[in-house]
Amino acid sequence: MSELNVVISGAGIGGLSAAVALRRQGIRATVLEQAPQLGEVGTGLQLGPNATRVLYSLGLREQMEQMSLVVQESVQRRWDGTVLAKTTLGAYAAERYGTPYLQVHRADLHSALHQAAVDPAGEGPAADVLTEAQVTSIDEADPVRPAAVTAAGERHEADVILGADGIRSAVREHIGGPAEIVDSGDMAFRTLIDGQAVKDDPATRFLLDWQAANFWLGHNRHLVVYPIRGMSAINVVGVVPVSEQVAREWRSPSTSEDLVTAYDGFESRVRSLLSKPKTDPMLWALKRQDPFSRWSRGSIAILGDAAHAMVPYVSQGASQAIEDGFVVAEEISEASPDEIPAALKSYAARRQELAGFVQAAALKKQHEFHLPEGPDQEQRDAGMRAEASPIGAGLDRIYAGTPPRKGALTAS
Ligand SMILES: Cc1cc2nc3c(=O)[nH]c(=O)nc-3n(C[C@H](O)[C@H](O)[C@H](O)COP(=O)(O)OP(=O)(O)OC[C@H]3O[C@@H](n4cnc5c(N)ncnc54)[C@H](O)[C@@H]3O)c2cc1C
């Protein structure tokens with residue numbers, strides 16, 4: 001077991017992935033979470049093979065197989081239902097990248113990561129995950145042993161402090177990263193629709209006949225729909241132009257009627273779907289940052305949305321956070337205490353280019369998905385129809401992920 005210890009600010013998917021990866025490397029981690037209870041939003045999550053490969057190698061294969069659906073393909077349609085393109089996933093992706101493309105409920109993944117981090121029976125030193133522990137400052141009086149200080153005044157000294165504290169990261173600010181957060185101009189409705197109601201309706205049953213991620217593209221808006229939890233629920237992400245109120249408040253409750261109205265004019269199967277019983281839709285302002293290079297300073301580094309917040313149009317923010325957790329743990333495990341600053345720089349060097357590529361790919365999709373009818377849209381559609389490879393070059397690069405330092409990752 002390593003003598004190093006790490007403090008992580010934030011127990012989201014990024015922070016917990018880092019805690020599990022550190023544990024597998026024999027490193028003790030303490031995770032400080034500001035919320036009174038652990039949890040994730042009650043919606044779905046798509047995980048690319050780049051993330052599932054890491055999760056399997058961290059010992060989560062069995063849990064992932066139980067909680068997930070393997071996505072067979074991603075189907076892109078115009079707003080009127082015309083199919084434009086299909087990305088082949090399923091066995092093809094599993095063979096090409098080593099692990100499959102999955103759809104999960106966020107809470108299930110979050111709870112599996114939490115369990116893997118703290119389970120006393122697991123391999124390596126169990127992590128401590130503390131709630132109601134908001135990190136309010138970092139004391140660097142001893143730069144080799146900085147301390148995260150919580151609102152309650154507790155000091156948590158460590159060899160490394162990791163900021164996995166999301167887009168509004170205080171740790172990023174502390175190390176001199178950029179403060180500017182960009183309003184993407186979009187917001188997303190998020191809800192889960194009752195799977196049985198979708199199955200009982202001949203108009204919508206197709207969503208459960210085949211495990212696919214379904215996209216409908218329209219002017220200034222698009223819709224993403226996919227089943228989770230053994231097809232008992234259908235996850236919906238509906239992207240539309242942001243209102244001033246939601247841009248200001250970041251999150252806001254919405255209504256089923258607003259969601260249905262937002263997709264007026266889309267093919268009738270969309271209205272049939274969106275009218276069904278569902279959890280109360282919530283609206284999320286979609287914010288992002290431009291890529292930047294300051295991911296670490298001394299013994300402190302950032303990961304996940306704190307380091308590369310992006311619009312969710314290639315469904316990769318959490319997958320990138322999972323990759324960060326693995327790579328930073330790998331780098332720390334090879335370092336002696338005085339090599340930590342160099343190890344954190346090496347982590348950033350291994351992750352930054354790909355994370356920046358994903359941020360840019362997601363922005364490009366925002367433009368392409370939302371084109372008005374006209375020559376640009378016709379050109380986009382022709383390009384999508386002409387795509388010959390099962391997975392386009394950009395996604396292929398993303399799904400291949402960051403190469404591990406120590407040879408191929410093995411699922412256990
Ligand atoms: C509509 C939508 C759909 C998406 N779909 C996908 C998808 O299909 N696939 C995908 O991979 N990604 C997707 N994403 C992106 C993904 O949700 C995020 O990138 C990911 O959850 C970021 O994880 P994180 O752990 O870095 O940050 P967060 O989830 O923001 O977690 C940060 C944690 O830190 C805590 N915290 C903050 N400040 C402090 C502090 N000072 N002290 C202690 N704790 C603190 C917070 O309470 C929180 O628990 C989507 C995003 C949206 C908005």
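Trainee: With 412 residues, what radius of gyration would a compact globule have, and what does the chain have?

Mentor: The radius of gyration is taken over C-alpha atoms. For 412 residues a compact globule would come out near 22 Å, and the chain has 21 Å, which agrees. Keep in mind that this is a predicted model. Along the principal axes, the C-alpha atoms fill a box of roughly 60 × 45 × 40 Å.

Trainee: How many helices and strands are in the chain?

Mentor: The chain has 15 helices and 20 strands. As for burial, 49% of the 412 residues count as buried. Of the contacts with a separation of 6 or more, 75% are made by residues 24 or more positions apart.

Trainee: Into which domains is the chain divided?

Mentor: Domain bounds come from an automatic or database domain assignment. Here the chain is divided into domain 1 (5–68 + 104–180 + 289–365 + 392–400) and domain 2 (182–288). Their C-alpha centres lie 28 Å apart. To the contact between them, domain 1 gives 15 residues and domain 2 gives 14 residues.

Trainee: Which strands each supply at least two residues of the side of domain 1 that touches domain 2?

Mentor: They are S3 and strand S7 (102–105). By type, the residues on that side of domain 1 divide into seven nonpolar, six polar and two charged.

Trainee: Which residues come nearest to the ligand?

Mentor: There are 33 residues around the ligand, and Gly10, Gly12, Gly166, Gly304 and Gly317 come nearest. Sorted by type, the shell holds 15 nonpolar, 14 polar and four charged residues.

Trainee: Is strand S16 mostly covered or mostly open?

Mentor: A residue is buried if 20 or more other C-beta atoms lie within 10 Å of its own. In S16, residues 233–241, eight of the nine residues are buried, and the strand is mostly covered.

Trainee: In what sense do S13 and S16 pair, and over how many bridges?

Mentor: The sense is antiparallel, and there are nine bridges between S13 and S16. To find one place in the pairing, look for Thr191, which stands opposite Val236 in S16. S16 also pairs with strand S15, residues 221–228, in the antiparallel sense over seven bridges. There, Tyr226 has Asn235 of S16 as its bridge partner.

Trainee: How many residues lie between S15 and S16 in their hairpin?

Mentor: Four residues lie between them, and Arg229 in the turn has a positive phi of about 45°.

Trainee: Why does Ser252 count as partly exposed?

Mentor: Ser252 counts as partly exposed because it has 15 C-beta neighbours inside 10 Å. The limits are 20 or more for buried and 12 or fewer for exposed. Ser252 sits in strand S17, residues 251–253. Leaving aside neighbours within four places in sequence, Ser252 is in contact with Gln245, Val246 and Leu283.

Trainee: How many residues apart are Ser252 and Lys365 in sequence, and what is their distance in space?

Mentor: Ser252 and Lys365 are 113 residues apart in sequence, and 25 Å apart in space from C-alpha to C-alpha.

Definitions and conventions. Residues numbered from 1 in each chain as written. Predicted model: local features only at pLDDT ≥ 70, side-chain atom pairs only at ≥ 80, totals over all residues. Near = placed C-beta within 6 Å. Nonpolar A, V, L, I, M, F, W, Y, C, P; charged D, E, K, R; others polar. Contact = placed C-beta atoms within 7 Å. Pairing = 2+ DSSP bridges. Rg over C-alpha atoms; globule rule 2.2 N^0.38 Å.
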